[in-house]
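Please open the structure in your viewer and keep the selection tool at hand. The stops below say what to pick next and what is found there.

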Amino acid sequence: MRRWIEKQRCLLDFTLSSLLRRKGKNIALAVVYTLIVFTLASVMMFTQALKKEASLILRETPEILVQKLAAGRHDLIPLSYASRIGQIRGVAEVKGRLWGYYFDPVMGANYTVMVSEDPSLDEGEILVGKGISRLRQVYKSNILSFRGCDGNYLAFKIKGTFEAESEIIASDLVLCSESDFRRLFGTPGGYATDLTVKVKNRKEIPTIAAKILQILPDTRPIRRDEILRTYDAVFDWRGGILLAVLAGAVLAFIIFAWDRAAGLSAEERREIGILKAIGWETADVLQMKFWEGLTISLSSFLLGILLAYGHVHFFSAGLFEPVLKGWSVLYPKFKLVPYVDPYQVATLFFFTVMPYTVATIVPSWRAATIDPDSVMRY
Amino acid sequence: MIELVDIKKVFNAGKPNELTAVDGVNLGIEARQITVLKGPSGSGKTTLLSLVGCMARPTAGRIILQGREITSLPERFLTAMRRRCFGFIFQQFNLLKGISVLENVMLPAYPNGENYGALRERAMGLLAMFNLGAKAEARVEWLSGGEAQRVAIARALVNNPGVIIADEPTAHLDSRLSREFMAYMQSFKAAGKTVIIASHDPLVYESPAVDRIVDMRDGRLIAPGAAA
Amino acid sequence: MRKSDIFLRFILVNLALMGVIFFHARAKTEAHLPRLQQVGRMVEQLQLTDLCLTTEAWHTRNPSQADWHTPFQTHPLALEHFPSGAIVRPPESMRKPHAPVD
């Protein structure tokens, strides 16, 4: 055992000497590799953090949400439906929700406008999210005007802004009173955007949802676990863009590494011949090749992961901002729960380090089995 | 010490470029002697050398090393034994470029898994013996012909083998260095090692240090076992 | 020092840092809990159902309600499920509305 360790260390010595011979090329390779791991790991960590946040924050989301559909599209729901739902056994409370989107032409941004039950919010007063505050440069006591559905402008006084901690849910939020909402959007009295249902016994949710569908066939009940599941699926990196990027990156890398190693130059073949001639076995040569693959891939992997973590949690994934922002003008400042899933780190390891190491060994196999006397028979 | 019984080596058997490099050779190599395989190029002396040194397996025949038959040993044992018993000096030196002199000398011992510190000391000692101590960290490309030759010899000695095998060692050397080379071989003989050299250079086979010359032509011995 | 020693030390340091990361993440998660609880209360009070990840009109803010199988009003196989759908910002000319809005 001791001998084996010593031998591996010797092989590693030689591998490092060998890699240092082409310093520039190998450093470039390591940098590219690190960059790939960094990008993948950043995306992975960011989505994991968002997923964790979503699952923790949205735990208190309404138990059942009832929407009305008209010709397959979301329609206003009459408040009379609320009393009918209220009669179902097991329903604790039914409330109407009023919310909508307001497009601000000045900035080209979308805000979410919502009605709050808070009685302390008077007519003409609003609470805004930090994102809006930043965008329009408005703060407490400032006036913000909105163009109503009738073309007239409504001026609102900002009573306060939501704290920075809540940016993830309230960055684009405008909270106003019910009368203001109805005036702004022209939503007729007696209608709401949708209904929220509170249930006495959590286990009854599916049955109650089914009953709602039964008595109100033109509605669509959405359960809390469906909302949470949607978010899970959205951020689940197993599906979607990460896998595509990952598969693409891994494939490109394997092709690159294979091409580099398979086209073992005459020089490299000759060197392997020399090693065999001076007393190295095929197995020794292959072990050396293994170290060659591992040194670069393992170092790059570890560095990539560490840098990704720093990027996501100390720099709020700043490099992703342009990508995430897309067309939107308003962008929340994320301060996320740092969550590193060891399972995912391990998977990333398998998808990056292993293929590269294998791609370095396998093409060298043929060359490694050269007869030792080949160097004598030039 | 080394016995070759009816050795035959054929390359590319069955193909149009089939070549019988060694054909029915019976040879016994004595220990603690310098034996020279003499013959023109194409006579099969290089192939015979590689067979003696366990670098290749014969197509037919048996090789017996110190009483033990090694013809059909698996690669692992053959290689380990070759490392232990033989040291090779190639015509082209075959040092690895870009690697330091010291590491080149230590390379044959890496698979042994011995203690690094001891190995390094041994290698430095060898370099000192050849007055190359100062060049230990130099790249091999920077060495002169004579220095490279000495590094190649030092490398062959790192595992303290009993047999030194040299293939056309003086092909790229001038007379002075060739004589120097033979002087080294003589000192190895005096230290109890066996030396086998393949060469068609008169400076080698006419050297007084040589104990026996084996003539070869077309893969066969001309005058088997004739003394010098 | 031997090259292999330098390399092995480098790897060990990095592995140690990775270990630190795991613990740091754990510790920080604990620290975030009060904030998350507070935000959770807001969610309950305001009856919110979605996070504000992007305010692109294409995706809008309530992805869980758009449709059954397409959270963002696009098909799941569209591989666009990272918060917004664009990789880069659209060019300036495209960001202005078609006709004057006001």
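In the hairpin of E4(B) and E5(B), which residue takes a positive phi? Select B:Gln66, which takes a positive phi near 50° in this hairpin, where 2 residues lie between the strands. This is a predicted model, in which local features need pLDDT of at least 70, side-chain atom pairs count only at pLDDT 80 or more, and totals for chains, interfaces and linings use all residues. Residues are numbered from 1 along each chain as its sequence is written, while chains are lettered from A and ligands numbered from 1 in the order in which they are written.

Stay with chain B and show strand E4 (residues 60–65) together with strand E5 (residues 68–69), for these pair in the antiparallel sense over 2 bridges. Strands here are DSSP runs (E, at least two residues), numbered from the N terminus, and two of them pair if DSSP finds at least two bridges between them. B:Leu65 stands opposite B:Arg68 in E5(B).

Now move to chain A and select A:Ser297, which is placed in helix H11 (residues 282–314), a helix being a DSSP run of H or I with at least four residues. A:Ser297 counts as buried because it has 26 C-beta neighbours inside 10 Å, the cut-off being 20 or more other C-beta atoms, placed from the backbone, within 10 Å of its own.

Key:
A residue is buried if 20 or more other C-beta atoms lie within 10 Å of its own, exposed if 12 or fewer, and partly exposed in between; C-beta atoms are placed from the backbone.
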